[in-house]
Amino acid sequence: MIELPHSGLSVPHTDLHVVSLREAMHAYGVSFTAVIAVGQRVVGVAENDGRGGPTSFQPGASNVFTWRDMEDFAAQCRHGGEPVDVGGVLDCLVDEYDLARRIATAARLGRTLIRAVVMDRYPTNVVEVDPPATNAQRAALIAHLADVPVPDSARWEIWDGHRWTTLTGQTP
């Protein structure tokens, strides 16, 4: 199994992935449509209406990757060591794509990302920052984060160019 770096989803292979993402803000939440591919071949879309329901998979017309194929893939995946359903897998794949895109944009500007995550590694806040170059800068960033409201049991992590590393312990 391969653990994906941004979501913590363990997958049997990385051939199944998001190749584009369109999001829309609404008063009730964020909806999205993500194009899903296996290798270089588009096989369908993942959609979420942003109203709190599960993310769904709509296979493409070619039938090269069906709903059953998606269920079989999801059955092999784990998140935090636990089984995960199709909607959960799709949400993680969307997070992987979105965070990788945001990290690449930040890196081009000489910056990095920090995120507040809850126990299941779900990011609640993602912020672009200048990477702390010294222990004093790191301490100042940590001190600033103490004043940022986050959910109970959240912790802050920073992308170090290769992995997410812990900045702070969990909030009470």
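Student: How many bridges join strand β9 to β10, and which way do the two strands run?
Tutor: Six bridges join β9 (residues 112–117) to β10, and the two run antiparallel. Strands here are DSSP runs of E with at least two residues, helices are runs of H or I with at least four, and both are numbered from the N terminus. Two strands pair if DSSP finds at least two bridges between them.

Student: What kind of model is this, and how are residues numbered?
Tutor: It's a predicted model, with residues numbered from 1 along each chain as its sequence is written. Local features need pLDDT of at least 70 and side-chain atom pairs count only at pLDDT 80 or more, while totals for chains, interfaces and linings use all residues, and side-chain values use heavy atoms, with hydrogens and water left out.

Student: What's the mean pLDDT of the chain?
Tutor: The mean is 92, and 98% of the residues reach 70 or more. pLDDT is the predictor's confidence in each residue, from 0 to 100.

Student: Where is confidence lowest, and where is it highest?
Tutor: Strand β10 (residues 123–129) is lowest, at a mean of 86, and α1 is highest, at 97.

Student: How many bridges join β9 to β11?
Tutor: Four, again running antiparallel. A116 has W156 of β11 as its bridge partner.

Student: What's the strand order in the sheet with β9 and β10?
Tutor: β10-β9-β11-β12, an open sheet of four strands with antiparallel pairing. β10 and β12 (164–166) stand at the edges with a single partner strand each, so one side of each has no neighbour in the sheet. On average, neighbouring strands are turned by 30° against each other, direction ignored. The axes behind that angle are lines fitted to C-alpha atoms (for helices, over the stretch in contact), and angles run from 0 to 180 degrees between N-to-C directions.

Student: How many residues of β9 are buried?
Tutor: Six of the six, so β9 is largely enclosed by the rest of the structure. Buried means under 20% relative accessible area, exposed means over 50%, and partly exposed is in between (1.4 Å probe, protein chains only).

Student: Which residues sit on each face of β9?
Tutor: T112, I114 and A116 are on one side, with L113, R115 and V117 on the other, and all are buried. In a regular strand the side chains alternate between the two faces of the sheet.

Student: What sits over the ring of W164?
Tutor: The charged end of R115, 4.1 Å from the ring centre. R51 also lies over a ring face, that of Y28, at 3.7 Å from the centre. A charge sits over a ring if NZ of Lys or CZ of Arg is within 6 Å of the ring centre and within 35 degrees of the ring normal.

Student: How many aromatic pairs does the structure hold?
Tutor: Three. In the pair F57 and F65 the ring centres are 6.0 Å apart and the planes are at 85°, so this pair is edge-to-face. Rings of Phe, Tyr and Trp (its six-membered ring) pair if their centres lie within 6.5 Å, and planes under 30 degrees apart count as stacked, over 60 as edge-to-face and the rest as tilted.

Student: What span should helix α2 have?
Tutor: Its 23 residues (86–108) should span 33 Å, and the end C-alpha atoms are 33 Å apart, which agrees. The expected span is 1.5 Å times one less than the number of residues.

Student: Which residue takes a positive phi just after α2?
Tutor: G110, at about 75°. N63 has a positive phi of about 60° without being a glycine; N63 is in the loop between β6 (56–59) and α1 (67–76) and is exposed, at 55% relative accessible area.
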